Amino acid sequence: MKYVYDESKKRLSVYLDEELDIHECRTIRNIIDSYIIKYEPEEFIMDFSNVKFMDSSGIGLLIGRYNLIKLLDSKMTVINVDSSIKRVIELSSVSKYITVRSE
Amino acid sequence: MKKSLSIEVNSNICNISVVRVAVSTFISDIPGITLEDITDVKTSISEAVSNCIEHAYLDENGIIKVECTVEEDSVMLKIIDSGIGIEDIELAITPAYTSKPEEEHAGLGFTIMENFMDSVEVESDVGKGTRISMFKKIVNKKIV
């Protein structure tokens, strides 16, 4: 996982790795939260370009980060979601709260 | 021709991806199977094995048995554990219900299995374990 913080836009982007299962999610959630707490971004982007697999633990990961972003009164966007991951996201209600873009 | 795969892993979270890869490789030569079918099976097995680790064995050591049978145009999966069992199956399979909200669970494991497979059956004995049976028919879209 990589991250970029754009100071001028107050935008934090994290680029997730290939497989988001419970193993990966347990590892990365604290790391992501430490970036959010450090930068307090106004916009938080999770980039799924490299994610090839996600199960329901990925939904838990999104909800958990959203709860933190909400405390900062900031905006969260999930981008570059492929069709298989979109099907998992659609079974949950997260897209009511988080902007999800496939592009 | 019928073929089958049987794997036993211990309840280490590293083994979830091992089972996913093994099962998706095993089913990949079914005539007419699509990438979407494989992802459906892969996601469902991931959910079932994750449940064994987190809920049946509560992150302690235990054995998870996975059986996959391919017969002509169908995939049958059985995921068997000897963990604590499920007291209220109906509640457990309710969408968005989770017994561990503090763990950031979406409570969508069974919802995903039920949506991505054609049938899901849950049998459980409290204190003895749980057996999940899932079935998916593979429709060969190629016209011969």
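Mentor: Before we start, "buried" here means a relative accessible area under 20%, "exposed" means over 50%, and "partly exposed" is what lies in between. Keep in mind too that this is a predicted model.

Trainee: Got it. Which residues of α2(A) are buried, then?

Mentor: They are A:Ser56, A:Ser57, A:Gly58, A:Ile59, A:Gly60, A:Leu61, A:Leu62, A:Gly64, A:Arg65, A:Tyr66, A:Leu68 and A:Ile69. That is 12 of the 16 residues of α2(A), so the helix is largely enclosed by the rest of the structure.

Trainee: What comes just after α2(A)?

Mentor: A:Asp73, with a positive phi of about 65°, and this residue is not a glycine. A:Asp73 belongs to the loop between α2 and β6 (75-79) of chain A.

Trainee: Where in chain B does a non-glycine residue with positive phi, B:Glu104, sit?

Mentor: B:Glu104, with phi of about 65°, is in the loop between α3 (89-92) and α4 (109-116) of chain B. At 21% relative accessible area, B:Glu104 is partly exposed, because buried would need a value under 20%.

Trainee: On to the rings. How many aromatic pairs are there over all chains?

Mentor: The structure holds 4. One of them is A:Tyr3 with A:Tyr35, with ring centres 3.8 Å apart and planes at 25°.

Trainee: What makes that pair of A:Tyr3 and A:Tyr35 stacked?

Mentor: Centres must lie within 6.5 Å for a pair, and planes under 30 degrees apart count as stacked; with 3.8 Å and 25°, the pair is therefore stacked. A:Tyr3 is in strand β1 (residues 2-6) and A:Tyr35 in helix α1 (residues 22-39) of chain A, so the pair ties together parts that are 32 residues apart in sequence.

Trainee: And why is the pair of A:Tyr3 and A:Tyr39 called tilted?

Mentor: Its planes stand at 45°, and stacked needs under 30 degrees while edge-to-face needs over 60. With the centres 6.0 Å apart, the rings still pair, so this one is tilted. It joins β1 to α1 of chain A, and so links parts 36 residues apart in sequence.

Trainee: Which of these tyrosines is buried, and which partly exposed?

Mentor: A:Tyr35 has 15% relative accessibility and counts as buried. A:Tyr3, at 30%, is partly exposed, and A:Tyr39, at 22%, is partly exposed. Ring pairs link A:Tyr3, A:Tyr5, A:Tyr35 and A:Tyr39 into a cluster.

Key:
Residues numbered from 1 in each chain as written. Chains lettered and ligands numbered in written order. Predicted model: local features only at pLDDT ≥ 70, side-chain atom pairs only at ≥ 80, totals over all residues. Heavy atoms only, no water. Helix = DSSP H or I, 4+ residues; strand = E, 2+ residues; numbered from the N terminus. Buried < 20%, exposed > 50% of the residue type's maximum accessible area, 1.4 Å probe, protein only.
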